[in-house]
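Colleague: I have a few questions about how the descriptions of this model were reached. Could we go through them together?
Modeller: Gladly, let me bring it up.

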Amino acid sequence: MSQRIVIDPVTRIEGHAKITIHLDAAGEVEEARFHVTEFRGFEKFCEGRSFREMPVITARICGICPVSHLLASAKATDALLAVDIPDTAKMLRQIVNLAQLVQSHALSFFHLSSPDWILGYDSDPARRNVLGLAEVRPELAREGIALRKWGQQVIETVAGRRIHPAWAVAGGVASPLTEEGRERILAGLPEALAVARKTLAWFARDVEEHHEEARVFGNFPSLFLALVGPDGELAHTDGKLRFVDDQGQIVADQIDAKDYQQWIGEAVEPFSYLKFPYYKPQGYPHGCYRVGPLARLNACSRAGTPLADEALAQFRQLGRGAVLASFHYHYARLVEILYAVERIEQLLADPEILSEDVCAVAMRSRRRGVGVSEAPRGILFHDYEVGSGGVVSKVNMIIATGQNNLAMNRTVTQIARHYLSGRTITEGLLNRVEAGIRAYDPCLSCSTHAAGRMPLAVELLGPSGELIDAATR
Amino acid sequence: MLLALGNTTRGDDGVGVVLGRALAAKLPPGSVHVEEAIQLLPEHAEAAARAEAVVFLDATVTGAPGSVSAHHVHTRAPREALLHALTPEEILGLARMAYGRAPQGLLVTVAGGDFSFTERLSPEVAGAVPTAVEKALSWLAPYLNA
C-alpha cells in the first residue's frame, strides 16, 4: 500500500502549485509530483486575433518576464512576414532581453533564494525572506535592488516602459535608441558590473559550503537545451537550438526553431496543467531535458565576453562533463548576469546602435511562424498559424518552466527520499523541497498560463492515496 | 513620494493610478516623485527611503464600492509566505532595514466594485476620487509647507 505527502502551497515562486509525496507499502518515497493547479488558456483565446497583435497580447502572460514573450512573439511574427529585420533592431532586442535577464536573475538570486543560504534552511520561515536578509546583510539586499533597478532602467530606456512594453513589433522595433538613452544606460553600467563581479566572486568562493544541496537538489543526468550562436557562443535572443547530454557532448546542434517539433514532444499528465515537454528521440518520460541558466552554460561552447568566459571556465569545474546539480542554477545566474552586463556594453559600443533603421515593412507571406528566445528561466517557443487576413488560427507555446517540469518532479523526489523520515512532514523537509523547486525559479503564471499566486502546500499520501500528513505555509 | 498601485486594465483596480495622477496635478511641480506600479517590489523601498513621506494609493476589495479609507502605515515584520509582491508596511520595513530609514507613510484606498477587463472606473469609484485626493492632500500638507 503506497502513501502520499502533499506540500501545498509552494512559496517564493511566481504562481500556484502544490507537491504530493507518494510512499510505497514499505513507507519509502515512491515518487513526488509537482502539481500546477491553475489554468489561463492563452493558447486558445489568442485564436481569432490578428497576428500583429500577438506581441502585445502575449506579453501580458507574465509581469515578471513580459519581454521574453514580447520577443519570442515578435520573432514569430517576423517569420510570418518572412523578413530579416534590420541589424540595429536585432541589437536593441538583444539589449532589452539581456536587461530583463539581469533584473529577473537579481530578484531570484538576491531576494528569493539567498535568504535560504544567508539565514539557513532551518531558520524561522517568518524571517527567511528579503526583509530578514536586509536585517542581517543589508548590503546584499541593496545590491540586489541596484541590479534590478539598472536592468529595469535599461528596459524602460530602450523599450519605453518597464513592464509590458509594446515595443518589439513584427519586422523589428517601434523606436530607435537615442544618444541620451545610451548615455543613461552606460552611466549605471559600472555599478552593475561591480555588483555582478563582487557577488559572483563571493558565491564561487563559498560554493563548497553548499555541497550537500548540490548533491541532493536535483543532481541527476539529463539533457540540456539552449540557444547558441553560430560558433556555439551564448545566444539569448537569436541563435539556433543545441541539445547536450550529461557528459556535455553535443547531441543535436544548430536546429532551426521552426523545426522544434521534430525534437520536442509535449506530454500531459492528469495531475497538472503544466505540460511535460521531452526530447522526442528518447521518448516520454526518458527524454528529460533542462533549460535555463544551467542549461545555457552547459550547452554553450563559450560565453563570448571576457569576464564571463573566465567565470564559465571556473563554473565548469563543478562537473565532469555537464554540471548536473540543479542547485547550481543559482551560480549560473550570476555568470549570466556578468555576461549580460558585459554584452550590453559591447552592443552599446556598436556604431550602428543609434541607427533609426529599426523596422522592416512587409506583408504577411507565410502561414506559419515560429519565434524563440531565451527567457531568464529558459528557452521559450511561440508558434503561430494564421489564415486569410492574417487571423491567428492556432497557437502553441512551450514555456521554460514547463520544459523543466520533468526535472522539477525528479528534484522533489530526490529531496524527499533524502530528507523524509517516517510519516511526518518536518519543517526541514518543507524548507528543502521549497528550495529545490526555487532553484529553477519557476514562473507558473507563464507556464500554465496560471492566474493568481499561491504559497506552498505539501501532502503525504499513503499507498491507496490516503492522506497521512499535510503542511501549508 | 506617491506610489500609485493598480492595473488600469482591470476596472476599479486602476483607481490607485488615477489617484496618483490627480494628486500630482494638484501639487507644486517637482515637489513629489510619482511611481506607478502594478505591485510593490523591493526596489520601491530604495525610492521610499529617500522620500520624506510616502503616500500609497491603491484599490481595495474591502468595503462598499466608492468608500474611501486612509490610515498610517507602520513598518511590519515580514510575512511567513513572502511572495514577489510586498505590502506598504513591508516596503517601509525594507527601507528601514536596507537603507537605514523609513519615511512616514499613509495608505489611501478606495473600495472597488468592478474588477473586470475594462479601462474605465465604475461610477461609484470615479466619484470617490476627489475625496481620496483631499484626504491625501490634507495628510501631505505639513510636508509641503515645511
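Colleague: To start with chain B, how many helices and strands does chain B have?
Modeller: Chain B has four helices and five strands. Please keep in mind that this is a predicted model. Read from the N terminus, the elements of chain B follow the order β-α-β-α-β-β-α-β-α.

Colleague: What makes the sheet of chain B an open one, and which are its edge strands?
Modeller: The five strands line up as S2-S1-S3-S5-S4 in chain B, with mixed pairing. At the edges are strand S2 (34–37) and strand S4 (68–73) of chain B, each of which pairs on one side only. From one strand to the next, the twist averages 20°.

Colleague: How do you know that S1 and S3 of chain B pair?
Modeller: Pairing takes at least two bridges between the strands. Strand S1 (residues 2–5) and strand S3 (residues 53–60) of chain B have three bridges, so they count as paired, in the parallel sense. Across this pair, B:Leu2 stands opposite B:Val55.

Colleague: Which helix packs on that sheet, touching S3, S4 and S5 of chain B?
Modeller: That is helix H4 (residues 123–145) of chain B. The direction of H4(B) makes about 170° with that of strand S5 (104–111) of chain B.

Colleague: Why does the radius of gyration of chain B agree with a compact globule?
Modeller: For 146 residues, a compact globule would come near 15 Å, and chain B has 15 Å, so the two agree. Its C-alpha atoms fill a box of roughly 40 × 40 × 20 Å along the principal axes. Of the 146 residues, 45% count as buried. Among contacts in chain B between residues at least 6 apart in sequence, 74% join residues at least 24 apart.

Colleague: Turning to chain A, why is helix H4 of chain A called largely enclosed?
Modeller: A residue is buried if 20 or more other C-beta atoms lie within 10 Å of its own. In H4(A), 28 of the 33 residues are buried, so the rest of the structure largely encloses this helix.

Colleague: What is the span of H4(A), and where does the helix bend?
Modeller: Helix H4 (residues 87–119) of chain A reaches 46 Å from its first C-alpha to its last, close to the 48 Å expected at 1.5 Å a residue. The bend is about 55° at A:Ser113, and A:Pro115 follows within four residues. Just after the helix, A:Gly120 takes a positive phi of about 100°.

Colleague: What phi values do A:Ala82 and A:Gln254 have, and where do they lie?
Modeller: A:Ala82 has a positive phi of about 60° although it is not a glycine, and its place is the loop between helix H3 (66–81) and H4 of chain A. For A:Gln254, also not a glycine, phi is positive and near 55°. A:Gln254 lies in strand S8 (residues 250–255) of chain A.

Note on methods
Residues are numbered from 1 along each chain as its sequence is written. Chains are lettered from A and ligands numbered from 1 in the order in which they are written. This is a predicted model: local features need pLDDT of at least 70, side-chain atom pairs count only at pLDDT 80 or more; totals for chains, interfaces and linings use all residues. Helices (H or I, at least four residues) and strands (E, at least two) are DSSP runs, numbered from the N terminus. Axes are lines fitted to C-alpha atoms, for helices over the stretch in contact, and angles run from 0 to 180 degrees between N-to-C directions. Two residues are in contact if their C-beta atoms, placed from the backbone, lie within 7 Å. The expected span of a helix is 1.5 Å times one less than its number of residues. The bend at a residue is the angle between axes fitted to the seven residues ending there and the seven starting there. A residue is buried if 20 or more other C-beta atoms lie within 10 Å of its own, exposed if 12 or fewer, and partly exposed in between; C-beta atoms are placed from the backbone. The radius of gyration is taken over C-alpha atoms; the globule rule is 2.2 Å times the number of residues to the power 0.38.
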